[in-house]
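This briefing walks through selected features of one protein model, grouped by topic. Please keep the sequence and the structure in view while reading.

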Amino acid sequence: MKAEADGKVESGSSDLSFVVSFVLALESSCDETAAAVCGLDGRLRSSEVATQIPLHRRTGGVVPEVASRSHILHVRQLVKQSLAEAGVSLREIVAFAATQGPGLVSSLLVGTSMAKALAVASGRPYLGVNHMEGHLLSPFMRGDHEVRRCVALIVSGGHTLLVRVAGVGRYEVMGGTRDDAAGEAFDKVAKMMGLPYPGGPEIDRLAPRGDPKAFAFPRSFLERDSLEFSFSGLKTAVRYELPKVNLQDEQVVADLCASVQAAIVEVLVEKLMRAARRAGETCVTVSGGVVCNRGLRAALEQRCAAEGLELLLAEPGLSTDNAGMIAFAAVQRFRVGQTSPLNAEVNPNLSLTTL
Ligand code: KG4
Ligand code: ZN
């Protein structure tokens with residue numbers, strides 16, 4: 001625990017131990033409304049999520065207007081829930097944080113407006129958090145909660161990034177995607193196959209019943225030593241394959257899922273190994289919604305063990321969008337004295353290196 005940062009001495013304590021203070025964070029960048037409370041010691045006390053997935057299933061994707069309306073309906077209740085679950089009162093919150101970008105503007109505005117209002121009402125600072133930094137740091141929410149040097153792979157619905165991490169705020173992007181993000185590739189391919197939104201978890205569910213070698217889908221490694229990604233070739237290959245197969249046959253669908261998953265996983269694992277070698281780092285981390293994928297987790301564990309790399313995977317519950325990771329990132333920033341002005345604007349294209 002960072003005792004100095006907590007600032008309050010427990011009365012009557014003989015060992016001068018400190019009472020922890022807390023940050024409350026909101027996440028509303030896309031289709032999950034979420035609130036969380038994290039102690040300044042880095043330990044998460046609550047993480048509440050109201051998912052909009054059933055709402056967006058009807059349209060097969062997120063309609064921004066529908067998403068922001070739903071955020072407005074749920075955000076107040078989530079704040080209350082996160083405090084109740086943490087057993088913390090509003091008075092004990094020393095800063096209010098929210099995702100400032102990247103994401104959908106109308107959705108981001110709901111969380112940031114709420115966090116700013118709470119900050120003003122309670123006379124505490126506001127902190128705008130980069131959603132990607134939330135994902136990036138989420139593997140460190142386990143164990144001793146300390147951020148360490150590593151090479152990080154972020155695989156979400158909007159991003160596929162390889163990042164060299166030297167410490168909090170010291171990030172160097174090593175590679176990204178030239179077209180679709182890994183999660184987007186899962187979702188688009190699943191949609192073509194008629195699977196429900198979001199497709200990633202559906203492919204993960206069906207893949208274990210199929211043969212990953214049934215279809216030889218392309219692995220796009222690009223130029224030798226490239227740390228960039230491209231998943232558009234895979235999408236095209238699936239599109240050409242679909243008219244030739246019977247999608248009513250469950251085994252065919254399972255084989256397609258297993259083969260698509262194997263193609264995506266192989267590229268992700270290989271590029272992460274390349275990046276670790278290039279950076280000379282022995283610790284690698286993986287975060288973002290796609291890290292829930294069981295095939296990816298198993299392949300990473302196997303490969304890192306073989307290569308003698310330490311692997312830190314974000315917990316599945318803290319991998320898809322959540323406010324816990326935003327609260328944790330906010331704590332890292334707040335502990336070194338950072339806050340944001342109340343007129344800080346949301347930024348739909350906020351990059352990891354512009355914080
Ligand atoms: O990080 P996230 O919740 O949202 C963004 O910031 O984009 O990631 C969502 C993405 C979606 O594309 C979803 O299909 C994918 O993560 N995803 C999965 C799995 N669970 C979520 N992809 C493959 N296997 C899964 N089990
Ligand atoms: Zn995300």
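Is Leu 222 buried, partly exposed or exposed, judged by its relative accessible area? Leu 222 is partly exposed, because its relative accessible area is 30%, where buried means under 20%, exposed over 50% and partly exposed in between (1.4 Å probe, protein chains only).

The model is predicted, so local features need pLDDT of at least 70 and side-chain atom pairs count only at pLDDT 80 or more, while totals for chains, interfaces and linings use all residues. Residues are numbered from 1 along each chain as its sequence is written, chains are lettered from A and ligands numbered from 1 in the order in which they are written, and side-chain values use heavy atoms, with hydrogens and water left out.

**Largest pocket**

- The largest pocket has a volume of about 1100 Å³; a pocket is an open set of points, on a 1 Å grid over the protein atoms alone, where a 1.4 Å probe fits, with protein on both sides within 12 Å along at least five of seven lines, and the volume is the space filled by probe spheres set on the points, which are joined across faces, edges and corners.
- Its lining comprises 41 residues, of which Ser 156, Gly 157, Gly 158, Asp 187 and Tyr 197 are the closest to the centre, and lining residues are those with an atom within 4 Å of a point.
- Helices H5 (131-137), H6 (182-192) and H7 (199-206) each give two or more residues to this lining, the largest share, seven residues, coming from H6; helices (H or I, at least four residues) and strands (E, at least two) are DSSP runs numbered from the N terminus.
- Both domain 1 (22-139 + 321-335) and domain 2 (147-314) contribute at least three residues to the lining of the largest pocket, the domain bounds coming from an automatic or database domain assignment.

- Helix H9 (residues 250-279) has 30 residues and spans 43 Å from its first C-alpha to its last, close to the expected 44 Å, which is 1.5 Å times one less than the number of residues.
- Of the 30 residues in H9, 24 are buried.
- At the start of H9, a side-chain oxygen of Asp 249 comes to within 2.9 Å of the backbone nitrogen of Gln 251, and just after the helix Gly 280 takes a positive phi of about 70 degrees.
- The second largest pocket has a volume of about 280 Å³, and among its 15 lining residues Arg 219, Ala 262, Val 265, Glu 266 and Ala 299 lie nearest the centre.
- H9 supplies the largest share of the lining of the second largest pocket, seven residues, and helix H10 (294-307) supplies at least two.

**Loops and backbone geometry**

- A cis peptide bond with omega of about -10 degrees joins Tyr 197 and Pro 198, and Pro 198 is in the loop between H6 and H7.
- The peptide bond from Gly 101 to Pro 102 is also cis, with omega near -10 degrees, and Pro 102 is in the loop between strand E6 (93-101) and helix H4 (105-122).
- Leu 222, in the loop between H7 and H8, is a residue other than glycine with a positive phi, near 60 degrees.
- His 145, in the loop between H5 and strand E8 (150-155), is not a glycine either, yet has a positive phi of about 65 degrees; His 145 counts as buried because its relative accessibility is 14%.
- Phe 231, in the loop between H7 and helix H8 (232-241), counts as buried because its relative accessibility is 3%.

Methods. A polar contact is a pair of N or O atoms within 3.5 Å; within protein, one must be able to donate a hydrogen and the other to accept it, and residues adjacent in sequence count only if both atoms are side-chain atoms.
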